[in-house]
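Please read them with the coordinates open.

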Amino acid sequence: MAGSVLLLSHLALVGWLTLRPLDVMWVTAANLEPFAGIRADLALGPIEAARRIGEGLMLLAPLGILLPMAGGRLTVSPWASLTRTVASGALLSLAIELLQTGVPGQVVDVDSLLLNTTGVALAHLAVVPAGRARLRRRCGRAGSSSGAGRSHGRRGPVLRENTASQGAPAAASVMHRVGAAR
């Protein structure tokens, strides 16, 4: 729940920053050549280049953490999680760039798409695998100290009935109910 609220808040901030009309005297032409804008930023000097490239990397970087957080999965392939998150970040960045075509003062820049997507990937790689591992360890410790009659599934703790003293038909019935509850 908290992940979803943070995700929506961040998306609202990004929308306000990137899709509000700007009152400017003139605008540059759209940049459709990859890395041309980054080369131009590098020509401005190291401090200005770091600021501009950093802005591009940081704009959507929180999505690299917030998207998996909103999903709430602890056991997922790291590569699948990275692929889904980066693809979602790239599609969102593309949508922003396409929407900017109709906003006065905003200019389409393919380098923004590249930097935003890279920022999502870097944030995801820096935080999510370690965070999931830590949460899995924490849930594992909580599961081992909770007693033999409990199992922690995807939807929380599930009580298991003792099937050792029951006959085969009763045990099958209990197993069917436990499997259906998950």
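The points below go from the whole chain to single residues.

1. Basis. This is a predicted model, in which local features need pLDDT of at least 70 and side-chain atom pairs count only at pLDDT 80 or more, while totals for chains, interfaces and linings use all residues. Residues are numbered from 1 along each chain as its sequence is written, and side-chain values use heavy atoms, with hydrogens and water left out.

2. Overall make-up. The protein chain has 7 helices and 2 strands, in the order α-α-α-α-α-α-β-β-α along the sequence. Helices (H or I, at least four residues) and strands (E, at least two) are DSSP runs, numbered from the N terminus. Of the 182 residues, 26% count as buried; buried means under 20% relative accessible area, exposed over 50%, and partly exposed in between (1.4 Å probe, protein chains only).

3. Surface and contacts. The protein chain exposes about 11,900 Å², of which carbon and sulfur atoms supply 66%. Areas come from the Shrake-Rupley method with a 1.4 Å probe; for residues, only the protein chains shown count as cover. Among contacts (heavy atoms within 4.5 Å) between residues at least 6 apart in sequence, 70% join residues at least 24 apart.

4. Core. The largest nonpolar core has 7 residues: Leu-7, Val-14, Leu-60, Leu-63, Leu-66, Ile-96 and Val-120. Such a core is a set of buried Ala, Val, Leu, Ile, Met, Phe, Trp, Tyr and Cys residues joined through side-chain atoms within 4.5 Å. H1 and helix H4 (63-71) are the elements that give two or more residues to this core.

5. Leu-60 and Asn-116. Leaving aside neighbours within four places in sequence, Leu-60 is in contact with residues including His-10, Val-14, Ile-96, Asn-116 and Val-120. Asn-116 lies in helix H6 (residues 110-144) and is buried, with a relative accessible area of 4%. With the same exclusion, Asn-116 is in contact with Gly-56, Leu-59, Leu-60 and Ser-93.

6. Helix H2. Which residues of H2 (residues 36-43) are buried? They are Gly-37, Ile-38 and Asp-41. Seen down the axis of H2, the buried residues fall within an arc of 100°, so they line one face of the helix; the arc is that of the directions from the helix axis to the C-beta atoms. Leu-42 and Ala-43 are exposed on the other side of H2. Gly-45, which follows H2, has a positive phi, near 115°.

7. Trp-16. Trp-16 lies in helix H1 (residues 2-19) and counts as exposed, at 51% relative accessibility.
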